[in-house]
Amino acid sequence: MSDSYQPKPDHKFTFGLWTVGNPGGDAFGQPVRRKLSPVEIVHVVAEAGAYGVNLHDNDLVPIDANAAECDRIVAEFKRALSDTGIVVPMATTNLFSDPAFKDGAFTANDPKVRAYALQKTMRAIDLGVELGAKIYVFWGGREGVESDAAKNPLDAGKRFREAINFLCEYVRDNRYDLKFALEAKPNEPRGDIYLPTTGAMLGFIATLDHPDMVGVNPEMAHEQMAGLDFMHAVAQAWDAGKLFHIDLNDQNFCRYDQDFRFGSHNLKQSFFLVKFLEDVGYAGSRHFDAHAYRTEDAEGVKDFARGCMRSYLILKDKTARFNADAEIQALLKEINADDPTVAAFAGKYSRDKANALKAHPFDRIALGNRGMRYEKLDQLVFDLLMGIR
Ligand code: DIG
Ligand code: MN
Ligand code: MN
């Protein structure tokens, strides 16, 4: 498919090793595809036009590998990176697959598990830094409960805070050029996961010893699982200077975490998300934390990867068309016009301003009668997305 939607490395599209490498197994069925090696995955994403790959420690190095095996695997992986020019912008720790973490990692009730999770994360941070990662993601997939009798949420929050503070100190002590990005999810695989939304994570970051080192990694499917508007969560993170990374995918409403190809379900939400990122000049990775349908073979997985990037580029083009569309822009100008009769009341408080505003006459009926023309505006967006304009 040769047209102007061909991905290039400077688009900064990345995939997790666990996404393109997903062999298609699920809670109800066996894998349907041969498991690709990390080296094979690097070549697949490079061939598709991506910028980088991201990884959990154990996506690359099996949890039971010895030192010699680890060195060999990392050396082979580095060679594939060098051969293809693919980079590793983000790394993370798998603190959710091994049975040791069945009750969580940093928030587990067993202090040995909490200590082991710190050890595993420090080692994984060392690996991520060695591979060039500048962002380190924490997704607390098991940090939660099925029964609130089991764990006091105050203890869980305190333990999670202590772990992140400890690991921030580890990064500072080693003078690593690394920032942390916390990823929220409301549930699955735990009945309820602590800090379930990006907003909750932003509140938590303010309680840390080094909040400047810590931002968020909002994931589209996770905010949608919580019934939230993903772009609004991303906008709040951006406004707080905390949008350190982003996980793009898609999701049907009221479903489990589907991690679908980007753009495959919620066309308008995906458009307004891409429009936001492009309008504000987000310079980070466009990371697809998604995987192909279980129905797909190896070729279908390549279709999935190409589709994620193609959809993003098409919506980026639609963003440019929206911003250049005279009728849309004229309507937005009219909708957002300033009103000189109340301009004096905007901005910071003063006693004179407050007194003048309290005395100002408003025609409340007229305010309620104003038509905002959002139907017209939203139809223009629909026409734009459908290629009618
Ligand atoms: C799931 O959305 C999580 C894990 O895949 C990983 O820890 C994180 C990194 O993007 N996302
Ligand atoms: Mn997900
Ligand atoms: Mn994710």
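**Entry 1: Ser264**

I looked up Ser264 and found this residue in the loop between β9 (247–248) and α10 (267–280); helices (H or I, at least four residues) and strands (E, at least two) are DSSP runs, numbered from the N terminus. This is a predicted model, in which local features need pLDDT of at least 70 and side-chain atom pairs count only at pLDDT 80 or more, while totals for chains, interfaces and linings use all residues.

Not counting residues up to four places away in sequence, Ser264 touches Asp250 and Tyr293, where contact means heavy atoms within 4.5 Å. I also checked Ser264 against Glu143, 121 residues apart along the chain, and their C-alpha atoms are separated by 29 Å.

Donors here are N, O and S atoms within 2.8 Å of the metal (3.2 Å for Na, K and Ca), and water is not among the atoms, so sites may look incomplete.

I then followed His222, which lies in helix α8 and counts as buried because its relative accessibility is 2%; buried means under 20% relative accessible area, exposed over 50%, and partly exposed in between (1.4 Å probe, protein chains only). The side chain of His222 makes a polar contact with the side chain of Glu219 at 2.9 Å and another with the side chain of Asp257 at 3.1 Å. A polar contact is a pair of N or O atoms within 3.5 Å; within protein, one must be able to donate a hydrogen and the other to accept it, and residues adjacent in sequence count only if both atoms are side-chain atoms. With neighbours within four places in sequence left aside, the residues in contact with His222 are Trp139, Glu183, Ala184, Lys185, Pro186 and Asp257. The C-alpha atoms of His222 and Ala366, 144 residues apart along the chain, are separated by 41 Å.

**Entry 2: manganese ion (ligand 3)**

Which residues coordinate the manganese ion (ligand 3)? I found Glu183 (OE), Glu219 (OE), Asp247 (OD) and Asp289 (OD), at 2.0 to 2.3 Å, with a sequence spacing of E-x35-E-x27-D-x41-D. The manganese ions (ligand 3 and ligand 2) are 4.6 Å apart, and Glu219 coordinates both. I noted that Glu219 sits in the loop between β8 (214–216) and α8 (220–225), and Asp289 in the loop between β10 (286–288) and α11 (298–324), 70 residues apart, so that the pair links distant parts of the chain. Glu219 and Asp289 are both buried, and for Glu219 I read a relative accessibility of 1%.

**Entry 3: ligand 1**

I counted 13 residues around ligand 1, the closest being His56, Glu183, Glu219, Asp247 and Asp289; a residue is near a molecule if one of its heavy atoms lies within 4 Å of it. A polar side-chain atom of His56 is 2.9 Å from an oxygen atom of ligand 1, and for Asp289 the corresponding distance is 2.8 Å.

**Entry 4: Asn54**

I turned to Asn54 in strand β2 (residues 52–56), a residue that is buried because its relative accessible area is 0%. The side chains of Asn54 and His287 are joined by a polar contact of 3.3 Å. Beyond four places in sequence, Asn54 touches several residues, among them Phe15, Trp18, Met90 and His245.

**Entry 5: backbone**

I recorded a cis peptide bond between Glu188 and Pro189, with omega of about 10°; Pro189 is in the loop between β6 (179–183) and β7 (192–193).

Arg175, although not a glycine, has a positive phi of about 55°; Arg175 lies in the loop between α6 (153–173) and β6 and counts as exposed because its relative accessibility is 73%. Arg373 is not a glycine either, yet has a positive phi of about 65°; I placed Arg373 in the loop between α14 (364–369) and α15 (374–385), where, at 40% relative accessibility, Arg373 counts as partly exposed.

Definitions and conventions. Residues are numbered from 1 along each chain as its sequence is written. Chains are lettered from A and ligands numbered from 1 in the order in which they are written. Side-chain values use heavy atoms; hydrogens and water are left out.
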